[in-house]
Amino acid sequence: MEKCWYVYILGCGDGTLYTGITTDVQRRLAVHRCGRGAKYTRGRGPLTLLYQEAVGDHPEALRRERQIKALTREEKQAIIQNQHCQFPELPQG
């Protein structure tokens with residue numbers, strides 16, 4: 001049985017947002033916090049998990065990550081603020 005994939009958004013200490021995918025959000029957050037995660041998050045702590053969304057398989061996770069990364073900061077913040085709502089599919093880009 002294939003693991004469920006998640007897309008997540010981290011808040012960085014410098015006020016920026018980072019979006020990534022994983023099968024284990026808490027493990028991945030720990031890796032980011034130890035400085036072994038994405039190059040972007042190194043030195044930008046403290047890192048806070050702001051959003052996570054179960055998306056199914058790996059290709060779906062990659063598509064959703066790409067969709068979220070294409071959003072403006074304000075649109076990403078709206079997703080974070082309203083994460084208990086169901087969001088319509090974003091346009092492919």
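T22 is buried, its relative accessible area being 3% (buried denotes under 20% relative accessible area, exposed over 50%, and partly exposed in between, with a 1.4 Å probe and protein chains only). The model is a predicted one, in which local features require pLDDT of at least 70 and side-chain atom pairs count only at pLDDT 80 or more, whereas totals for chains, interfaces and linings use all residues. Residues are numbered from 1 along each chain as its sequence is written, and side-chain values use heavy atoms, with hydrogens and water left out.

T22 is found in strand β2 (helices, H or I of at least four residues, and strands, E of at least two, are DSSP runs numbered from the N terminus). The side chain of T22 reaches the backbone nitrogen of D24 at 3.2 Å, and a polar contact of 3.5 Å joins the side chains of T22 and R27. A polar contact is here a pair of N or O atoms within 3.5 Å; within protein, one must be able to donate a hydrogen and the other to accept it, and residues adjacent in sequence count only if both atoms are side-chain atoms. When residues up to four places away in sequence are not counted, T22 touches C4, W5, Y6, Y8, R27 and R28 (contact means heavy atoms within 4.5 Å).

The chain has three helices and three strands, and from the N terminus on these elements run β-β-α-β-α-α. Of the 93 residues of the chain, 37% count as buried. Among contacts with a separation of 6 or more, 54% are accounted for by residues 24 or more positions apart. The chain averages a pLDDT of 89, and 88% of the residues score at least 70, pLDDT being the predictor's confidence in each residue, from 0 to 100. Among the elements, β2 has the highest mean pLDDT (98) and α3 the lowest (94).

The largest nonpolar core consists of twelve residues, namely W5, V7, I9, L17, I21, Y51, V55, A61, I68, L71, I79 and I80. Such a core is defined as a set of buried Ala, Val, Leu, Ile, Met, Phe, Trp, Tyr and Cys residues joined through side-chain atoms within 4.5 Å. Two or more residues of this core are given by each of β1 (5–11), β2 (17–22), β3 (48–56), α2 (58–69) and α3 (73–81), and the largest share, three residues, comes from β1. A second, separate core has seven residues, including Y8, C12, Y18 and A38. In soluble globular proteins, nonpolar side chains tend to be buried together.

C12 counts as buried at 8% relative accessibility, whereas C4 is partly exposed, with a relative accessible area of 32%. The structure holds zero disulfides, a disulfide being a pair of cysteine sulfur atoms within 2.5 Å.

G11 lies in strand β1 and counts as buried at 11% relative accessibility. Leaving aside neighbours within four places in sequence, G11 is in contact with T16, L17, P46, L47, T48 and L50. G11 and R44, 33 residues apart in sequence, are separated in space by 9.3 Å, C-alpha to C-alpha.

The count of salt bridges comes to three, a salt bridge being a side-chain nitrogen of Lys or Arg within 4 Å of a carboxyl oxygen of Asp or Glu. D14 forms one with R44, the closest N and O atoms being 2.4 Å apart. This pair links distant parts of the chain, with D14 in the loop between β1 and β2 and R44 in the loop between α1 (25–33) and β3, 30 residues apart. D14 is partly exposed, with a relative accessible area of 43%, and R44 is likewise partly exposed, at 25%. The side chains of E53 and R64 meet in another salt bridge (3.0 Å, N to O). E53 lies in strand β3 and R64 in helix α2, so this pair ties together parts that are eleven residues apart in sequence. R64 counts as buried at 8% relative accessibility. E65 and K69 also meet through their side chains in a salt bridge (3.3 Å, N to O). Being four residues apart in helix α2, E65 and K69 are separated by about one helical turn. E65 counts as buried at 13% relative accessibility, whereas K69 counts as partly exposed at 45%.
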